[in-house]
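Hello,

I am passing a structure over to you. Please open it first, then read the notes below.

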Amino acid sequence: MASEIELVDVTKHYPGAPAPAVESVSMTIPAGETVVFVGPSGCGKTTTMRMINRLIEPTSGRITIDGEDTRSLDPDRLRRGIGYAIQQAGLFPHMTVGQNVATVPGLLGWSRAKVAERVDEMLDLVGLDPAEHRDRYPRQLSGGQQQRVGVARALAADPPVLLMDEPFGAVDPITRGNLQDELMRLQAELRKTIVFVTHDFDEAVKLGDRIAVLGDRSRVLQYDTPEAILANPADDTVAGFVGAGASLKQLTLLRVREVELGQVTTASVTDDAAELERKLAGARRGFALLLDARGRPVSWVHARNPRQPRPVGDSVSLRSTLRDALEAILTEGGTAVVTGGRGEYVGVVEIGTVMAAVQQLREEHTGVAG
Ligand SMILES: Nc1ncnc2c1ncn2[C@@H]1O[C@H](COP(=O)(O)OP(=O)(O)OP(=O)(O)O)[C@@H](O)[C@H]1O
């Protein structure tokens, strides 16, 4: 279940402030997509997001959820239908993890049994063992675990919309990466409409189906897919925000399975010396990849020096990103070996393939934007 959100000419002018914090923002957030608001500090991301659940009342303009004007709804009722997760989880410190997750179901008057069942289901969903964590207090959890509980609480009443304001801002980079992966896994299953605020463009690229790059007063500088924004930033401000390394970031969006794999000559570890020599003589580039009896890559062998094979180091799978493939190409000396589901050799990626993929993305998106 997911809902479309529409903002029409939405403005927020805080009382006494010389200028509006958000001015005349219009955008449609499609049902079931993750839209990331990204922009510099103070540009109005949080204000824009909080107007959706009316934690902040717009000064003017209209916000609808599935066509229904949010002003026509009771604010408390509206908020119970919208999950909300914030930086440092915002858990109630004097309540247990279980009680925190149970907040909205409790307000909605669910039976005790149904609430208890839901709490365990949610903790499980975010990767926390319910028996172990249910009765702890937030201070007894790590930062990353607290964020997980924050996400579990936001999802507890199965809301069609989820607002997330820098939810992973306060944890170390590795935990942050793990939490991002978890959110992507959850979203692939749940398909909520998620509005996610961050000032980290890389996080936006990773999580967003679309990114809204916001400028001063939440002006929408560009609203598009990560691929399109990386390939073709709308203006210099967006380009500055995309930052250095746009091509490398593009490579994180492409998977090895999406490009055409090359092939190298292969031989088997069970081949005798004569057979190996014959194969090497026929090898176009003077080397072959040795596979074990189950077809898994073992080592490289050169015609020049067939008795001294070099073990295959870094290989990638079909699910790996092209950025991982590039890393393997660089460490392996020109060719990344690609393996399938059972670790078997399926092909190779070479530098030309990677360059062609980036080039093609650029051409596609220049075409669209022009
Ligand atoms: N309650 C308030 N009263 C007056 N001004 C406010 C209030 N809340 C925010 N502002 C101002 O509105 C502007 C936008 O703030 P907002 O928090 O929406 O930006 P943001 O993009 O989310 O920033 P950050 O990334 O730093 O969290 C800022 O100039 C801020 O000072």
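**Ligand shell**

By class, the residues around the ligand are four nonpolar, seven polar and one charged. The shell consists of Y14, A17, A21, G39, S41, G42, C43, G44, K45, T46, T47 and H199. Bear in mind that this is a predicted model.

**Domains**

The protein splits into domain 1 (5-243) and domain 2 (257-356). Their centres, taken over C-alpha atoms, are 44 Å apart. An unreviewed UniProt entry places the feature "domain: ABC transporter" at residues 5-242. That stretch is 39% helix and 23% strand. Its end C-alpha atoms lie 26 Å apart.

**Core**

The largest nonpolar core has 93 residues. V101, A152, L163, V195, V213, A325 and A336 touch the most other members. Domain 1 (5-243) and domain 2 (257-356) both contribute residues, so this core lies between them. In soluble globular proteins, nonpolar side chains tend to be buried together.

What does L163 contact, leaving aside neighbours within four places in sequence? The partners are M49, I52, N53, I82, G83, Y84 and V195. Among them, V195 is also on the list of core residues that touch the most other members.

**L261**

L261 sits in the loop between α12 (246-251) and β11 (266-268). L261 counts as partly exposed because it has 15 C-beta neighbours inside 10 Å. Not counting residues up to four places away in sequence, L261 touches V338, V346, G347, V348 and V349. Take V349: 88 residues separate it from L261 in sequence, yet their C-alpha atoms are 5.7 Å apart.

Best regards

Note on methods:
Residues numbered from 1 in each chain as written. Predicted model: local features only at pLDDT ≥ 70, side-chain atom pairs only at ≥ 80, totals over all residues. Domains from an automatic or database assignment. UniProt positions renumbered as here; feature names shortened; annotations may be inferred. Helix = DSSP H or I, 4+ residues; strand = E, 2+ residues; numbered from the N terminus. Core = buried A, V, L, I, M, F, W, Y, C linked by C-beta atoms within 7 Å. Buried ≥ 20, exposed ≤ 12 C-beta atoms within 10 Å, placed from the backbone. Contact = placed C-beta atoms within 7 Å. Near = placed C-beta within 6 Å. Nonpolar A, V, L, I, M, F, W, Y, C, P; charged D, E, K, R; others polar.
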